[in-house]
Amino acid sequence: QVQLVESGGGLVQAGGSLRLSCAASGSIASISVMGWYHQAAGKQRELIATITAKGITNYPDSVKGRFTISRDNAKNTVYLQMNSLKPEDTAVYFCNARVLFTTGSTYVEVWGQGTLVTVSS
């Protein structure tokens with residue numbers, strides 16, 4: 001069993017910054033892609049950023065230049081640095097990872113429980 005635990009959410013004023021963390025723990029053999037998604041109230045979950053084990057990143061245009069994803073493979077942890085936050089960034093942010101369990105033979109997608117980010121205007 002593998003768990004992803006996010007932290008770092010909270011309330012921030014527009015223009016401010018927050019750093020989210022997500023640590024994976026459990027029976028992990030390896031993790032391929034890790035990522036962050038967000039889901040605003042009444043909307044679908046959307047991709048924010050992904051990063052491969054080799055550090056290749058991907059962002060949608062809405063966050064390019066403002067958000068930076070990084071990871072520490074030794075700690076099985078992924079981070080999301082969010083700068084120049086806007087009220088429309090308000091959402092629950094979910095961590096995602098594709099994990100190979102020590103007892104498995106294929107990668108499985110695992111989600112965290114989410115952390116709320118609120119950006120006030």
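**Loops, strands and a disulfide**

Modeller: Start with Ser84, which sits in the loop between S8 and S9. Keep in mind that this is a predicted model.

Colleague: Is Ser84 buried, exposed or partly exposed?

Modeller: Ser84 counts as partly exposed, because its relative accessibility is 41%. The cut-offs are under 20% for buried and over 50% for exposed.

Colleague: And what is the phi of Ser84 near?

Modeller: Near 50°. That is a positive value in a residue other than glycine.

Colleague: What about Asn76, what's its phi?

Modeller: Asn76 has a positive phi of about 50°, although it is not a glycine. Look for Asn76 in the loop between strand S7 (67-72) and strand S8 (77-82). Asn76 is partly exposed, at 23% relative accessibility.

Colleague: Let's zoom out. How many helices and strands does the protein chain have?

Modeller: Zero helices and 11 strands.

Colleague: What box do the C-alpha atoms fill?

Modeller: Roughly 50 × 25 × 25 Å, taken along the principal axes.

Colleague: How much of the protein chain is buried?

Modeller: Buried residues make up 40% of the 121 residues. The accessible surface of the chain is about 6400 Å², and 49% of that belongs to carbon and sulfur atoms.

Colleague: Contacts next. What share comes from residues 24 or more positions apart?

Modeller: 55% of the contacts with a separation of 6 or more.

Colleague: Now the cysteines. Which residues form a disulfide?

Modeller: Cys22 and Cys95, with their sulfur atoms 2.1 Å apart. The structure holds one disulfide.

Colleague: Left-handed or right-handed?

Modeller: The link of Cys22 and Cys95 is left-handed, with -80° about the S-S bond.

Colleague: Which parts does the pair tie together?

Modeller: Cys22 lies in strand S3 (residues 18-26) and Cys95 in strand S9 (residues 91-101), so the pair joins parts that are 73 residues apart in sequence.

Colleague: Is Cys22 buried or exposed?

Modeller: Cys22 is buried, at 0% relative accessibility. Cys95 is buried too, with a relative accessible area of 0%.

Colleague: What does Gly112 touch, leaving out residues up to four places away in sequence?

Modeller: Leu4, Glu6, Phe94 and Cys95. Gly112 and Cys95 are 17 residues apart in sequence, and their C-alpha atoms are 5.1 Å apart in space. Gly112 lies in the loop between strand S10 (107-111) and strand S11 (115-120). Gly112 is buried, because its relative accessible area is 10%.

Colleague: One more. Where does Gln13 lie?

Modeller: In strand S2 (residues 10-13). Gln13 counts as exposed, at 62% relative accessibility. Gln13 touches Val119 and Ser120, not counting residues up to four places away in sequence.

How values were computed. Residues numbered from 1 in each chain as written. Predicted model: local features only at pLDDT ≥ 70, side-chain atom pairs only at ≥ 80, totals over all residues. Heavy atoms only, no water. Helix = DSSP H or I, 4+ residues; strand = E, 2+ residues; numbered from the N terminus. Buried < 20%, exposed > 50% of the residue type's maximum accessible area, 1.4 Å probe, protein only. Contact = heavy atoms within 4.5 Å. Areas by Shrake-Rupley, 256 points an atom, 1.4 Å probe, with all protein chains shown as cover. Disulfide = S-S within 2.5 Å.
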